[in-house]
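Open the model in your viewer and keep the selection tool at hand. The stops below say what to select and what is there.

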Amino acid sequence: MTVTVERGTRAAGSHRHTGPRRPRPRESYALFLLPGILAFLVVIVVPFLMNTGVSFTEWQGVGTPKWTGLANYRELLDDSEFWASFRHSLFMVVAMAAVPTVLGLVLAAALFDYVAKHFGTRIAAVLRACFYLPQVLPIAVAGIVWSWILAPDNGSLNALLKAVGLGSWQQDWLGDPDLALYSVMGVMVWVQLGFPLVVFMAGLQRVDPQLYEAAELDGAGWWRRFWHITLPQIRPEIYVVLTWCTIAALKVFGAVYVLTKGGPGGVTDVPSYFSFTTFFEKTQVGYGAAISTVLTVIILVLSLVFLKLQTRTEDAEEGARAA
Amino acid sequence: MTAVRRYPVLVALCLAALFMVVPFLIVAVNAVKSPTEYSQHGPLSLPKDVYLDGLKDFWERVDYSQKLVNSVLISGSVAILAVVLSVLNAYAIGIGRIRGRTWVLAFFVLANMLPQEALVYPIYYLSKQAGLYDTRLSVIIVFTVVQAAFGTYLLSSVLSRFPKEIIEAARIDGANKWQVLWRVVVPVSRPTLGVLLVFFFIWTWNEFLLPLVMLISNDNQTVSVALGVLQGQRLMDATMTNAAALLGVLPALVFFLVFQRTLTRGIAVGAVK
């Protein structure tokens, strides 16, 4: 089988554009799409349309929804809780997209052309595995681990501070309204860091080692090589990571549920937790639907913007290469 | 680069890696520490002897075997069904090149981007109407579709570069489209399908919001939901918390060690598409 495949691939490369195209009956392939389309209609499209519809109504989850037009959205604009939750989302974007991307870049570059080169790829692989480990952990479990470490009484962090003589630095990390959001952000950096790191390390393998050698001969230091070779070469990966991580940050739910339940006093509330409590605790389904619709619109717009930026850069680069 | 400057970087990286792993170590140490020792010496001391009653108590109290069975059943079914659904979709889009495939693909990408918050209430409501609320089947159905959105997107681009000659050769030998799919396309794409299988399994294992809403009875809950709910109730003492954390970490650690190469490679494959 393998042999056939390889030969086939090569053949495909050689005369893909030559040879006359035989007209093929296309439509019958559509049958294969039928189960997928049906399943998506039932599980995604119908619920999504229902959710959008309900956002224009007042509904407690039982009885008939009462049409109220844009009332929910008007209420959202005056709702300080709503604005606060989106402000906290920005903090999450910093903690889950910006910081992990920057740290991931530096760590990946250091692991790839420092550790792997001078100490062997095995050590680099072990270190990479350590950084990636939190990524496979269920967020609920990560939450349990960290809420115990950050606990005010007998939590490991406070115990550690006391043990090294910094007892006055002890804090109620998740219970202090001034600190809670930053503590959650710290946990999210720990959770997220492995993803950019692994993607960037894989991307670095594409980079032609001769570029580095040439730069090194020219006397470029590590930082200059990082800035002028590494960064431009793995730009596609950076876009992908930023897109994925930003969307993940906007959707963050489990960590907030397990660590702080949005508290204390709503200082760690995020849109997805806000819509969850509005749906299932306050049972204001119409209002919850409006919150989640706004979140959806933001995510879709952001994805489109990122996609556009990415294709534009790629086109520009191809244009430059062709010129 | 001189050797003098090399080692500080390695040491710094090792320290950073240690920081990533330390939480796991502290949890492991404290899960096997007796409550009396914990209250005397705090979280940072090493336990004098291994105390397993905390783990045993926790296991029995939350019926952890049942939670594991639920998680394996749900994640396993979703992984297999979602791969099948993704293959069918991607066969039509990537190899069949059906008309309007760009739009169909855009539809799947959008479905993949949608936040679950915008689906959760209607899914909750509809599954109640259909008598599927609080069943593992409902979660399996939903996640099969959610994961297949990503699978379709990834596989379509992989299959669009599938060598046409192989398919045409099989067609000339008299195979119909169905046979080409199962006897040619699927076996050849096995490495990619394996990556997807592993990813779907772990992603579904880690899912929280929808299972939290859909699975309310103890007998149906997954590991993630059971632990998250317990933590949310703030009723656990230190030993129990650590037992819970350790038992939650262990399956993830097993997957990680078993699938390490698939995971790190798979991410690379998925990211650059």
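In chain A, 70% of the contacts with a separation of 6 or more are between residues 24 or more positions apart; two residues are in contact if their C-beta atoms, placed from the backbone, lie within 7 Å. This is a predicted model, in which local features need pLDDT of at least 70, side-chain atom pairs count only at pLDDT 80 or more, and totals for chains, interfaces and linings use all residues. Residues are numbered from 1 along each chain as its sequence is written, while chains are lettered from A and ligands numbered from 1 in the order in which they are written.

**Chain A as a whole**

Helices (H or I, at least four residues) and strands (E, at least two) are DSSP runs, numbered from the N terminus. Of the 323 residues in chain A, 40% count as buried. A residue is buried if 20 or more other C-beta atoms lie within 10 Å of its own, exposed if 12 or fewer, and partly exposed in between, with C-beta atoms placed from the backbone.

**Helix α2 of chain A**

Select residues 30-54 of chain A, which form helix α2, and look at A:Leu41, where the helix bends by about 45 degrees. The bend at a residue is the angle between axes fitted to the seven residues ending there and the seven starting there. Buried residues of α2(A) include A:Phe32, A:Phe40, A:Pro47 and A:Asn51.

Next, go to A:Ser85 in helix α4 (residues 80-119) of chain A. Why does A:Ser85 count as buried? A:Ser85 is buried because 23 other C-beta atoms lie within 10 Å. Leaving aside residues up to four places away in sequence, A:Ser85 touches A:Asp269, A:Val270, A:Pro271 and A:Phe274.

**The largest nonpolar core**

A nonpolar core is a set of buried Ala, Val, Leu, Ile, Met, Phe, Trp, Tyr and Cys residues joined through C-beta atoms within 7 Å. The largest one has 168 residues, and A:Leu111, A:Val141 and B:Tyr91 touch the most other members. Its largest share, 14 residues, comes from α4(A). Centre on A:Leu111: residues up to four places away in sequence aside, A:Leu111 touches A:Ala116, A:Ala124, A:Leu127, A:Arg128, A:Met201 and B:Leu13.

Then select helix α6 (residues 139-149) of chain A, where eleven of eleven residues are buried. Among them are A:Val141, A:Trp146 and A:Trp148.

**Spans annotated in UniProt**

For chain A, an unreviewed UniProt entry lists "transmembrane region" at residues including 126-149 and 179-202. UniProt positions are given here in the numbering used for the model, feature names are shortened, and annotations may be inferred rather than shown by experiment. Residues 126-149 of chain A are 92% helix and 0% strand, with end C-alpha atoms 25 Å apart. Residues 179-202 of chain A are also 92% helix and 0% strand, and here the end C-alpha atoms are 36 Å apart.

**Between the chains**

Show both chains: 75 residues of chain B are in contact with 83 residues of chain A. On the chain B side, the largest share, 15 residues, comes from helix α13 (residues 238-271) of chain B. By class, that side has 54 nonpolar, 14 polar and seven charged residues. Ala, Val, Leu, Ile, Met, Phe, Trp, Tyr, Cys and Pro count as nonpolar, Asp, Glu, Lys and Arg as charged, and the others, Gly among them, as polar.

Select helix α7 (residues 136-159) of chain B, whose end C-alpha atoms are 32 Å apart; at 1.5 Å a residue, its 24 residues should span 34 Å, which agrees. The expected span is 1.5 Å times one less than the number of residues. A kink of about 30 degrees is centred on B:Ala148 in α7(B). Since 20 of its 24 residues are buried, α7(B) is largely enclosed by the rest of the structure.

Move on to B:Pro163, in the loop between α7 and α8 (164-172) of chain B. B:Pro163 counts as buried because it has 20 C-beta neighbours inside 10 Å.

**Two positive phi values**

Most residues other than glycine have a negative phi. Finish at A:Thr283, whose phi is positive, near 45 degrees, in the loop between α14 (271-280) and α15 (285-322) of chain A, and at B:Arg97, with a positive phi of about 45 degrees, in the loop between α4 (64-95) and α5 (101-113) of chain B.
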